[in-house]
Amino acid sequence: MAQRAAKSKRQGRLVVLGGERPVEPGRVWLVGAGPGDPDLLTIKALKALQGADVVVHDGLVSDEILDLAPAAARRICVAKRKSRHSYAQDEINRMLVAFALEGLEVVRLKGGDPFIFGRGGEELEACREAAVDCRIVPGITTALAAGANAGAPLTHRGAAQAVTFVTGHAAKGEAPDLDWPALARPNHTVVVYMGLSTAGEIAGRLTGAGRAASTPALIVENASRPDERRIVTTLAGLAEAAAGLSGPALLIVGEAMALARPGQGVEGLVQEARQLGRGVVG
C-alpha cells in the first residue's frame with residue numbers, strides 16, 4: 001500500500017496543466033557511492049537511492065549499489081573514461097535540471113565523493129542557477145578506502161603531517177600544473193587521482209622538485225572491490241609498477257606508505273594471513 005501511495009504521489013506531481021511546469025518541483029541529490037564496496041555506502045545515500053525516480057550514474061558504480069534503487073526508477077549511465085564521454089558535462093547538467101523541473105526525485109550517483117574530482121561542484125552550480133533544490137550526500141572517497149585496505153595511514157605522526165589530493169592529468173592529457181616543490185616536501189602524503197597514464201611524469205616532477213627517489217609509494221587498482229590489487233613500490237619505481245595496470249587506480253606517495261601491504265583483495269589478505277601463521281581458512 002505504501003508503494004502504491006508513493007507511486008500515486010509521484011504521478012500527481014507530473015500533471016501539467018496548460019503547458020506549465022509542475023507546482024511541486026522535484027530535487028537533485030548529488031550522492032557519493034563510495035569507492036565500490038556496497039557496504040561502504042552511507043545510510044543517507046541508501047535512503048536517497050530508495051526514493052529515486054531517476055538515477056543518473058557513473059560507469060564505475062556497481063550493479064549491487066544500483067540495485068538498491070526502486071525497480072521502477074529509470075537508470076541513465078553517463079560514464080566518463082578519460083577522453084571517452086558518453087555525455088558532455090553540460091548535457092548532464094541540463095539533464096539533471098530538466099528531470100527535477102518535471103517533478104522527479106533525481107539521484108546523481110557518483111563514485112567516491114561528489115566533491116572530490118567528481119565535478120559535483122559544476123552540477124550544484126547548474127541546479128542553483130535553475131533554482132532547483134540540490135542536496136549533497138558525501139561519500140567515502142577512494143583514497144580513504146585504498147589506505148585503509150592497505151594498512152597505510154594517509155597521515156601518521158612522525159611520517160605524514162599533511163596529505164594532499166591532486167588530479168593526475170590536465171585537460172590535454174599531460175601532467176597537471178601543480179606546486180611540485182610543495183608536494184615534494186618530506187613527511188607529506190600525496191594522493192594522485194587519475195594518474196595512471198602520467199605516473200612516470202608525476203614521479204619525474206616530484207623527484208625533480210626534490211622528493212627522494214626512495215620515497216615509498218603505493219598503487220591501488222579497483223580499491224575496495226573484490227578484484228582490488230595493491231602494488232608497493234617507490235617513487236623511482238612508480239612508472240614501471242603502473243605500466244601493467246589498466247585502472248581505475250590511485251597513486252599514493254609518502255613515507256607512511258612504508259606500512260602498506262601488497263595484495264589482491266580478499267584473496268590477498270587470506271594469503272597474507274596464512275603466511276603469518278594465523279590459520280585463516282579460505
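Tutor: Gladly; we will take labels in this predicted model and set each value against its cut-off.

Student: What makes Tyr193 count as buried?

Tutor: Buried means under 20% relative accessible area. Tyr193 has 8% relative accessibility, so Tyr193 counts as buried.

Student: And why is Phe117 called partly exposed?

Tutor: The label covers values between the 20% limit for buried and the 50% limit for exposed. Phe117 has 38% relative accessibility and therefore counts as partly exposed. Phe165, at 29%, is also partly exposed.

Student: How many aromatic pairs does the model have?

Tutor: The count is two. Rings pair if their centres lie within 6.5 Å. The centres of the Phe117 and Tyr193 rings are 5.2 Å apart, with the planes at 50 degrees, so this pair is tilted.

Student: What does the pair of Phe117 and Tyr193 tie together?

Tutor: Phe117 sits in the loop between strand 6 and helix 5, and Tyr193 belongs to strand 9, so the pair ties together parts 76 residues apart in sequence.

Student: How do you know that the charged end of Arg135 sits over the ring of Trp29?

Tutor: One part of the test is that CZ of Arg is within 6 Å of the ring centre. The charged end of Arg135 is 5.7 Å from the centre of the Trp29 ring. The other part is a position within 35 degrees of the ring normal, and the pair is listed as sitting over the ring.

Student: Let us turn to helix 5. How do you know that its buried residues line one face?

Tutor: The buried residues of helix 5 are Gly120, Glu123, Leu124, Ala126 and Cys127. Seen down the helix axis, they fall within an arc of 160 degrees, so they line one face. In general, an α-helix has 3.6 residues a turn, so residues three or four places apart point the same way. On the other side of helix 5, Arg128 and Glu129 are exposed.

Student: What do the buried residues of helix 5 pack against?

Tutor: They pack against strand 1, helix 4, strand 6 and strand 7. Following helix 5 comes Ala131, with a positive phi near 60 degrees.

Student: What makes strand 8 and strand 11 edge strands?

Tutor: Their open sheet of five strands has the order 8-9-12-10-11, with mixed pairing. Strand 8 and strand 11 each pair on one side only, and that makes them the edge strands.

Student: How many bridges join strand 9 to strand 12?

Tutor: Four bridges join these antiparallel strands, while at least two are needed for strands to pair. Val191, for instance, has Ile252 in strand 12 as its bridge partner.

Student: Where does helix 6 lie?

Tutor: Helix 6 lies across strand 8, strand 9, strand 10, strand 11 and strand 12, at about 70 degrees to strand 12.

Methods:
Residues numbered from 1 in each chain as written. Predicted model: local features only at pLDDT ≥ 70, side-chain atom pairs only at ≥ 80, totals over all residues. Heavy atoms only, no water. Buried < 20%, exposed > 50% of the residue type's maximum accessible area, 1.4 Å probe, protein only. Helix = DSSP H or I, 4+ residues; strand = E, 2+ residues; numbered from the N terminus. Arc of directions from axis to C-beta. Contact = heavy atoms within 4.5 Å. Axes fitted to C-alpha atoms, helices over the stretch in contact; angles between N-to-C directions. Phe/Tyr/Trp six-rings, centres within 6.5 Å; stacked < 30°, edge-to-face > 60°.
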